[in-house]
Amino acid sequence: MSVLYRSDAARTQVWARFFAAYAPEIDFRTWPDNTGDLNDVEYLVSWHAGAEFLASLPNLKVLFASGAGIDHIDFDAVPANVTVVRMVEPGIVNGMIEYTTMSVLALHRNLLDYADMQSRAQWRPIPVIPASARTVGVMGLGVLGQAVLERLGVFGFRRAGWNRSRKTLPGVECFAGDESLPRFLAQCDVLVCLLPLTDATRGILGARLMSLLPRGAALVNVARGAHLDHDALLSALDSGHLSRAILDVTDPEPLPDDHALWRHRRVLITPHIASMTQPDTAAPVLLANLRRHMSGQPLHDVVDRRRGY
Ligand code: NAP
Ligand code: GLV
């Protein structure tokens, strides 16, 4: 029984050191130089899960995806008997809390307007609106959406959340299902997307959804670029219906050099860095889950292939 880890050299070193120190009994192998006989590999830790690579691992039991989102995985290439587990670890959660809080506060306190003004040597104070007079809405009340909403409560924002199944979160007005989407959107001054990318959510941030937001609302997309209809966003920004967008993800990544979003003065783009798996916090979580499986207990954070997340 072996574990194969596949990532860049720097991360590989951290993971290999961790397993050597805390799980010396586990045969931990690394790609590409220390894979040994691939027939031994029962556990794979990897972002990359291409068909050819998976076909080289005939005895694979569990694929531990190294990210929270698993939409890049071609499930047709993952044998039905292989369980896919996604990454849920404190480093990803904290990164997302930081990025989303930063974005919401930047929008709330007009930071991007002031950056614009500074570039024109302009001094023009904008009246401050109290946080209690603004609603931040989060789409997707999973591990990340819940964590983000909880932290935003510290600032006194009104908070709303929209989800497939019904959730109850302290201090958050929760909406469930497609039918409730218009009522949810109608109150969002800042809309944060933290949905997984599935057939049901692809393109969800489109013209109709934007038209249901209050005039002047802002969008933060930290989920996946394919959730967003980029042309609809450009139209909504240009008509003034939306005031700003902060995009950590785009489709494709990166956008072509001549894409209008790159140079739009109401858009801030970051290169998919909102939150990343942190080896120091992820390795202990994964080891605990691996040990659960090895001792016959059910795994945590298993992906439901039918739902697609
Ligand atoms: P998660 O725990 O699986 O939560 C997903 C949530 O979305 C669940 O609460 C789910 O509802 C809800 N949902 C799914 N389909 C829906 C639909 N059709 N309508 C309404 N709600 C729906 O995922 P997570 O860990 O919070 O991560 C969310 C996403 O963030 C990831 O999939 C990834 O794409 C993105 N992400 C981005 C970055 C970045 O750096 N930009 C980093 C990490 C993750 P139920 O509760 O009913 O299942
Ligand atoms: C990053 O986008 C992730 O899904 O972990």
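1. Basis. In this predicted model local features need pLDDT of at least 70 and side-chain atom pairs count only at pLDDT 80 or more, while totals for chains, interfaces and linings use all residues. Residues are numbered from 1 along each chain as its sequence is written, chains are lettered from A and ligands numbered from 1 in the order in which they are written, and side-chain values use heavy atoms, with hydrogens and water left out.

2. Shell of ligand 1. Ligand 1 is surrounded by 29 residues (a heavy atom within 4 Å), and R86, N163, S165, K167 and Y309 are the closest. The shell contains 15 nonpolar, 8 polar and 6 charged residues (Ala, Val, Leu, Ile, Met, Phe, Trp, Tyr, Cys and Pro count as nonpolar, Asp, Glu, Lys and Arg as charged, the others, Gly among them, as polar). Domain 1 (2–89 + 277–294) and domain 2 (91–269) each supply at least three of the shell residues; the bounds come from an automatic or database domain assignment.

3. Polar atoms at ligand 1. An oxygen atom of ligand 1 lies 2.7 Å from an N or O atom in the R86 side chain. Nitrogen of ligand 1 is also found 2.8 Å from a polar backbone atom of R164 and 2.9 Å from one of V222.

4. Second largest pocket. The pocket lies between domain 1 and domain 2, because both give residues to its lining.

Technical notes
Polar contact = N/O pair within 3.5 Å; in protein donor to acceptor, adjacent residues only side chain to side chain.
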